[in-house]
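Q: Hi! Could you help me go through some side chains in this one?
A: Happy to, let's bring it up.

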Amino acid sequence: MTFDAIFNAQLDQLKQEGNYRIFAELERQCGRFPRAADHTDGAPKDVTVWCSNDYLGMGHHPAVIEAMVQTVEACGTGAGGTRNISGTNIHHLRLEAELADLHGKEAALLFTSGYVSNWAALSTLGARLPNAVILSDSENHASMIEGIRHSRANKVIWKHNDVEDLDRKLAALPANATKIVAFESVYSMDGDICPMAEIVEVAEKHGAMTYLDEVHAVGLYGPRGGGISEREGLADRITLIEGTLGKAYGVVGGYISGSTALCDFIRSFASGFIFTTALPPAVAAAAKVSVAHLKTSDMERARQRQQVAKLRARLDAHGIPHLPNDSHIIPVMIKDPVKCRQIADILMQDYGVYVQPINYPTVPKGTERLRFTPGPLHTDADINHLVKALATLWKQCALAHAVA
């Protein structure tokens, strides 16, 4: 058997299960978000994007674009290598200072993505802290799971958002254990928000370090966009806050924030930082402008909240089931991988609506869904068009309606 035969056999199995992923060939168009050009069938066709993590459209904000263009013209396109080899650019330092201020921390450290920041930070903490035990929420992101696995530290999985289970498992650990509680604020697939105050209190009770992933919350929650930890007034009690620049801030990159000693520790020992080419200075400059803008502007967040509420209300009016939560993420449940893919394809082809089906392994089998993320640039007409399309397809595909 050839290697390609092995590859194709496993790919065929994915296709038979309805879990094979097909990427839409989209071209983002500057200034037209959430519109995009779909190149899937050759000739470009206009579609409306409903599942972007550019939650506030900041990737198209004129000031963010201007900062990137000006910095490319001043500094060139790349960083030239790792920060150790090529030096730390002034734009990296300015962005790290902006992020440290965002979370009320002494320092911040940049990475090339949110995935890398989680992987690098958790793997370093777990590997180098004495007798480390990482207590991970059962629904934590793959990047956190990979970081924990790579650390080779002892791990304990606690039930999702179950503070009593966390308390029991912390109490059961030996006295000499260095305890690290790892959790997220907003969980990206169900859109639920953690009971942060209770988690922090339990962690403090047991002398545990808290590691918080705020990637789906930074820019979106809190008076300055500092996330759920800022909204709840808890940022100062959390040891490490991790975030991304590639979602609400509309650029790319990840970061951690915490004490000066913590960030220097990760900088000095994390292979995922030491051996990775740094963010281009233009990316850092654009991200700094985006972060600074959302510290003072609530217009984008307020408009997003309005559109999220409108879409939820319209879905309810048509009996289309979606998971209830207090976040900006609206999961519309299909619960069948083939139908999920089919509905997404028809929405794209017949209605000009792009939403990516979410299937296993991103979510458990039997919980397949379409994940909608309304933003401030979606119009009321966009919402009406989407819901009418969904209502039509619900009948055609004989899907169950929500119980009133």
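Q: Is Trp 50 buried or exposed?
A: Trp 50 is buried, with a relative accessible area of 1%. Buried means under 20% relative accessible area, using a 1.4 Å probe and protein chains only. Bear in mind that this is a predicted model, where local features need pLDDT of at least 70, side-chain atom pairs count only at pLDDT 80 or more, and totals for chains, interfaces and linings use all residues. Residues are numbered from 1 along each chain as its sequence is written, and side-chain values use heavy atoms, with hydrogens and water left out.

Q: Thanks! How many aromatic pairs does the structure hold?
A: There are 3 aromatic pairs (ring centres within 6.5 Å, taking the six-membered ring for Trp). One of them joins Trp 50 and Phe 372, edge-to-face (planes over 60 degrees apart). Their centres are 6.4 Å apart, with 75° between the planes.

Q: And what does that pair tie together?
A: Trp 50 is in the loop between β3 (45-49) and α2 (62-75) and Phe 372 is in strand β14 (residues 369-372), so the pair links parts 322 residues apart in sequence. Phe 372 is buried as well, at 1% relative accessibility.

Q: New topic: which side chain of opposite charge is nearest to Glu 184?
A: That's Lys 247, 8.9 Å away. Glu 184 is buried yet has no salt bridge (a side-chain nitrogen of Lys or Arg within 4 Å of a carboxyl oxygen of Asp or Glu).

Q: What does the Glu 184 side chain reach, then?
A: The backbone nitrogen of His 141, at 2.7 Å.

Terms used. Rings of Phe, Tyr and Trp (its six-membered ring) pair if their centres lie within 6.5 Å; planes under 30 degrees apart count as stacked, over 60 as edge-to-face and the rest as tilted. Helices (H or I, at least four residues) and strands (E, at least two) are DSSP runs, numbered from the N terminus. Buried means under 20% relative accessible area, exposed over 50%, partly exposed in between (1.4 Å probe, protein chains only). Lys and Arg count as positive and Asp and Glu as negative; His and the chain ends are not counted. A polar contact is a pair of N or O atoms within 3.5 Å; within protein, one must be able to donate a hydrogen and the other to accept it, and residues adjacent in sequence count only if both atoms are side-chain atoms.
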